[in-house]
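Me: I've got a new structure open and could use a quick tour. Can you walk me through it?
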Amino acid sequence: MSEDRVTELDRMRYTKNTTSSRLALLAIVFDVLFFISLYKSDVGTYYYTILIGASIIYNLVFLLATFLCSEGVKNYQTSYSWAMIALGIGQIIRIFIIPLSAHQATYNNAPVMGDAQFIRMVIYLVASAACLFAGAVINVNKSRALSAHLASLQG
């Protein structure tokens with residue numbers, strides 16, 4: 001192993017994993033953009049359902065859990081990586097719930113969600129999920145490298 005790599009691994013003992021943390025925070029930004037795009041829509045009473053209520057509650061849980069993950073991955077804890085992967089899968093699943101159903105529905109003979117808004121919302125959710133997946137993978141790789149380095153220092 002090169003001397004530069006050893007120095008880099010040794011520095012990880014004293015620095016935070018800001019890359020994974022920032023990716024989690026970026027996932028929150030994309031989710032907020034999704035949230036704004038969805039809830040600013042005013043299509044009569046189409047959105048006044050229990051599904052929207054559940055979506056709002058899920059969104060709040062997502063924001064809190066993702067922020068918790070952003071703090072957890074700073075310390076190279078792999079359990080938060082698995083939580084980030086689960087949250088990313090949740091973001092992908094969300095595409096098929098409200099955006100897809102609203103895109104296919106009509107209200108007073110007009111589409112509830114136009115093509116542009118649907119594509120924008122899908123992009124926001126996919127970008128949010130991609131940030132979570134990337135942050136999780138980076139954290140797992142860095143955590144394993146740091147653990148191996150610490151083990152080599154002890155033995």
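Me: How many of the contacts between residues at least 6 apart in sequence join residues at least 24 apart?
Reply: That's 82% of them in the protein chain, where contact means heavy atoms within 4.5 Å. Keep in mind that this is a predicted model, where local features need pLDDT of at least 70 and side-chain atom pairs count only at pLDDT 80 or more, while totals for chains, interfaces and linings use all residues. Residues are numbered from 1 along each chain as its sequence is written, and side-chain values use heavy atoms, with hydrogens and water left out.

Me: OK, and which elements is the chain made of, in what order?
Reply: The protein chain has 6 helices and 2 strands, running α-α-α-α-α-β-β-α from the N terminus. Those are DSSP runs numbered from the N terminus: helices are H or I with at least four residues, strands are E with at least two.

Me: Is the chain a compact globule or more spread out?
Reply: More spread out, because its radius of gyration is 20 Å, well over the 15 Å that the globule rule gives for 155 residues. That radius is taken over C-alpha atoms, and the rule is 2.2 Å times the number of residues to the power 0.38. Along its principal axes, the C-alpha trace spans about 70 × 25 × 20 Å.

Me: What share of the residues is buried?
Reply: Buried residues are 38% of the 155 in the protein chain. Buried means under 20% relative accessible area, exposed over 50%, and partly exposed in between, with a 1.4 Å probe and protein chains only.

Me: Switching to the inside: which residues touch the most other members of the largest nonpolar core?
Reply: Phe34, Leu38, Tyr47, Val112 and Met113, out of 16 residues in that core. A nonpolar core here is a set of buried Ala, Val, Leu, Ile, Met, Phe, Trp, Tyr and Cys residues joined through side-chain atoms within 4.5 Å. Helix 2 (18-39), helix 5 (98-104) and helix 6 (115-154) each give it two or more residues, and helix 6 gives the most, with 5.

Me: And what does Tyr47 touch?
Reply: Not counting residues up to four places away in sequence, Tyr47 touches Leu38, Ser41, Ile52, Ile98, Ala102, Val112 and Met113. Apart from that core lies another, of 11 residues, including Leu23, Cys69, Met84 and Leu132.

Me: Back to Met113. Where is Met113 found?
Reply: Look in the loop between strand 2 (110-111) and helix 6. Met113 counts as buried because its relative accessibility is 1%. Its contacts beyond four places in sequence are Leu38, Tyr47, Pro99, Ala102, His103, Phe118 and Met121. Met113 and Leu38 are 75 residues apart in sequence, yet their C-alpha atoms are 9.1 Å apart.

Me: Now helix 3. Is Leu64 buried or exposed?
Reply: Exposed, as its relative accessible area is 64%. Leu64 sits in helix 3 (residues 50-72). Thr66 is in helix 3 too, but Thr66 is buried, with a relative accessible area of 0%.

Me: What surrounds Thr66, then?
Reply: Thr66 touches Ala24, Ala27, Ile28, Leu87 and Leu132, leaving out residues up to four places away in sequence.

Me: Last one: what does Gly135 touch?
Reply: Ser20, Leu23 and Met84, again not counting residues up to four places away in sequence. Gly135 lies in helix 6 and counts as buried, at 0% relative accessibility.
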